[in-house]
Amino acid sequence: MIPKVFKEVIDLGDGREISIETGKLAKQAHGSVVVQSGKCMLLCTVVSNYEQKDLDFLPLTVDYREKFAAAGRYPGGFFKREARPSDGEVLTMRLVDRVLRPLFPKDYHSETQVMIQLMSHDEDVMPDAMAGLAASAAIQLSDFPFECAISEARVGRVNGEFIINPTRAQLAESDIDMMIGASADSVMMVEGEMDEISEEEMADAIKFAHEAIKVQCAAQLRLAEAFGKKEVREYPEEREDEDLAKKVHDMAYDKVYAIAKAGSAKHERSAAFSEIKEEIKATFSEEELEDFGGLVSKYYRKAEKAAIRDLTLSEGLRLDGRKTDEIRPIWCEIDYLPSTHGSAIFTRGETQALATVTLGTSRDANKIDMPSHESEENFYLHYNFPPFCTGEARPIRGTSRREVGHGNLAQRALKGMVPDDCPYTVRVVSEVLESNGSSSMATVCSGTMAMMDAGVQLKKPVSGIAMGLISDANSGKYAVLSDILGDEDHLGDMDFKVTGTADGITACQMDIKVKGLSYEILVKALKQARDGRLHILTKLTDTIATPNEDVKAHAPKMVTRTIPNEFIGALIGPGGKVIQELQKETGTTIVINEDPVTEEGIVEILGTDQNGIDAVLAKIDSLMFKPQMNEAYKVKVIKMLDFGAVVEYLEAPGNETLLHVSELAWERTENVSDVVNMGDEFEVKYLGTDPRTRKEKVSRKALLPKPEGFKERPPRSNDRNRGGRDDRRGGRDNRDRKPRRD
C-alpha cells in the first residue's frame, strides 16, 4: 500500500527551502517527521509513555545522533559502529531540550523521548539548525500535552547583512553565530558567539531570527491540520488543595520574607528555610502528612519563591543582602600551581574556579570527527563540576551534558581572543571548586588569567557575568539582577550569561521563562550586564594587566620553521630514524605538517631547553644548505682518505663533500697528509657538480695563487672516434680489454 504523505515547504530565500514531511517513515512512533534542506535530511520521532511516573519532574530525553553513512563515511575506532555521542551531538541535544522542556505541563511526568537522526548530509547545510524544528513538528503530530509549536534558527551576519541558517562557509565570514529558540509569541532561548558586538546589535539579531521562526511555526501548524491533529491525551492531574495552599502560604510567607531580607550565606539561609518548612510540617498529624505531605512541601516552595521575588521587586533587596546591580566580592590569584604552564584562581562570593593551561603542538589539537563536520581545534576548554563544589556526594559517571555545555560556552567566549598566529595548541581546564552562582562565567575569568599567566598573547582579556530577571506582569514591575545566586537562577524569569571584552560581547547563553519579554527590557538587562562585566574585568586586570611576555621557564618554547617539501624526507629519515634520534638527542618534540596553500612543510619544534631547539634549527639549516657556484665556504677536515679528504661545511654541520687530492694544491700531491690533516679548517671554492661523476666538486687550490711558471697538464682525451676512451689504469682502449668474468 502506498503511504499517504503530507508535506509543507518553508522558503528561506536565496533559493533555499526547508520541507517538513510525514506519513512515510516511522509510523508507529507517536509522531514522526522528515525535515529536509538540500540533501540534508533529519528523521525525528517522538514517543511518550501513557503511564505517569511518581516523580516531581518531567523525564524527558532528547537524543540527537549523526549517522556516518549520511556522509558516506565509516565511523572511527575498532568496532566501526556509532558509539557514545560526540560533544557536538550533546550540544545539539541541549539546545533542543532547553526549548521543549518548559512547554510540557508541570504535572506531566510520563517518560518522553525525542530522537533526532541525521540520515543524509549536505556540506552546505548545518543540520543542528533544523533539529528544534524537527522536534516540535513531530510533537505537533502527536497527542502530547504541549503548549505551542516552537522552532530554532541560526543567525549569522556577513558584510552587515543577517542570514538565516547560513552555510558553514558563510559562517566562517560571519561576525555572529547565534542559535535562537522561540515560539510564535516569545523568544525562549539564545546561545552563541560574537565578534565583540554591541547589545543593540545582539537584540537586532534575535529579532531577525524570531521573524523566521514565526514562519516555521506556522508551517508546523498547517502540516498538523492537514495530517489530522490528534486530541490531546488525558493524564491524571496532580492533586491540588486551595485551602491547604493558602494555609501553608500564610504560615511561611512572612518568615521567609524576614530571613531573605536579613541577608545571609548559602548554608545559613538554607538551614533557616528548612527549619521553617519543618515547623509547618509539625503542625500536621502523621496521618495528614501521609495523605498530603507532598502538597505541603510543594506549597511551601511556592510561598518561598513568592516571598523572595516580592522582596526584590518591592525593596530591591536580594537573598544575600545585595542590591540588584551589586556584585559579590572578588579575589584572584595567578601562578598558583608551580608545575603547570599557567594557572589562575577566580573567586566571586561562594563560587570558585581554578583554571590550568597546557601548551602543546598541533599534534595535541582536539580532533572533531562528526559526519557533518571534521576539523581540528587548536584552542579548547574543558570544564569539570565535581559534586563536592556544592557540598554533595554523588556518583561520578563520566562527563555530564551540563559540563559539556558550560565548557563549550566558556570556550566560545575566549577563542576569538586567542591570536591567529599563536604557535601553540592551548588547552584550558577549569576545575570548579565551589559553586553558588555561575561557575561557567567564573571559568571564563579564570581561563583569561591563566592564559595570560602562561604567556598566551591574548588580544584582549575577557570577563563574564550571569544575570537574572524577576518581573510581575500584573504590576509591570521588574528587576534585573547582576551576578545571580543559584537560588535566584531557579526562581527568576530569565537566566542569561554574557561574556565580552571592554569593547563588546563575545558569547551569550539565555533561557527566558516568561512570555512576551520586551526587547527594551532585554537591552536594558544586557547593558546592566555590561556594567557588571566591566567591573569584573578591572579585577582581572588588577591581578594581571597584560600577558606575560614569555612562557614559564619549565613550559615548552615553540619555534616554527618553514622548509621546502623536498627536504622533509631528509629530516624524517628512513623509517623516521633521523627525526626520532634528533628528538631524543635534543629533548624536543618535532611535528611536521604540510601547508596545502604554499605546498611547503611547517616544522614545529617544542622544547623546554633553548639549546635543544637551537640544535634542531641548526640541523634543519644544515639539511637545507645548498652551496652556490663559485662561492667560497669554510670547511673542516673530518676524514682522511688516500685520494682526498672529506670536509664538512662549518656553516652547515652534517653537510659533507669530498675534496679530491688533485684539488688540494697546484703542485702535485702524493700524500693528502702533506697538505691537510684531521681538524684543519680552511676555505674551499664550490665548483658545482662534476658531469662525469655527478658529485659535488670543491677546490682548495682554486683559492690559492697559481705558482709562477705553472703549466697545466693536458686534459685526457674523451674522443671515442680516435681510438676509444682512455681509462685511468694505463690508457688502454676499452674495446681492447678482455671480458671480465662474472
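Helix 2 (residues 131-140) and helix 4 (residues 199-227) pack with their axes 9 Å apart and at an angle of about 30 degrees, where axes are lines fitted to C-alpha atoms, for helices over the stretch in contact, and angles run from 0 to 180 degrees between N-to-C directions. The structure is a predicted model, in which local features need pLDDT of at least 70 and side-chain atom pairs count only at pLDDT 80 or more, while totals for chains, interfaces and linings use all residues. Residues are numbered from 1 along each chain as its sequence is written, and side-chain values use heavy atoms, with hydrogens and water left out.

**Helix 2 and helix 4**

- The angle of about 30 degrees makes helix 2 roughly parallel to helix 4, given that angles under 35 degrees count as roughly parallel, over 145 as roughly antiparallel, 65 to 115 as roughly perpendicular and the rest as oblique.
- The contact (heavy atoms within 4.5 Å) involves L133, S136, A137 and Q140 from helix 2, together with Q216, Q220, L221 and A224 from helix 4.
- Of the residues in this contact of helix 2 with helix 4, four are nonpolar, four are polar and none is charged, with Ala, Val, Leu, Ile, Met, Phe, Trp, Tyr, Cys and Pro counted as nonpolar, Asp, Glu, Lys and Arg as charged, and the others, Gly among them, as polar.

**Helix 1 and helix 8**

- Helix 1 (residues 87-100) and helix 8 (residues 401-415) have axes that come within 9 Å and cross at roughly 95 degrees, and the two helices are therefore roughly perpendicular to each other.
- Helix 1 contributes D87, V90, L91, M93 and R94 to the contact, and helix 8 contributes R401, R402, V404, G405 and N408.
- The residues of this contact of helix 1 with helix 8 comprise four nonpolar, two polar and four charged.

- Helix 9 (residues 439-454) has 16 residues and reaches 22 Å from its first C-alpha to its last, close to the 22 Å expected at 1.5 Å a residue, the expected span being 1.5 Å times one less than the number of residues.
- Helix 9 is followed by G455, whose phi is positive, near 90 degrees.
- The buried residues of helix 11 include I521, L522, V523 and A525.

**The loop residue G23**

- G23 lies in the loop between strand 2 (16-22) and strand 3 (31-37), and G23 is buried, with a relative accessible area of 11%.
- Although G23 and F227 are 204 residues apart in sequence, they are 8.3 Å apart in space, C-alpha to C-alpha.

Terms used:
Buried means under 20% relative accessible area, exposed over 50%, partly exposed in between (1.4 Å probe, protein chains only). Helices (H or I, at least four residues) and strands (E, at least two) are DSSP runs, numbered from the N terminus.
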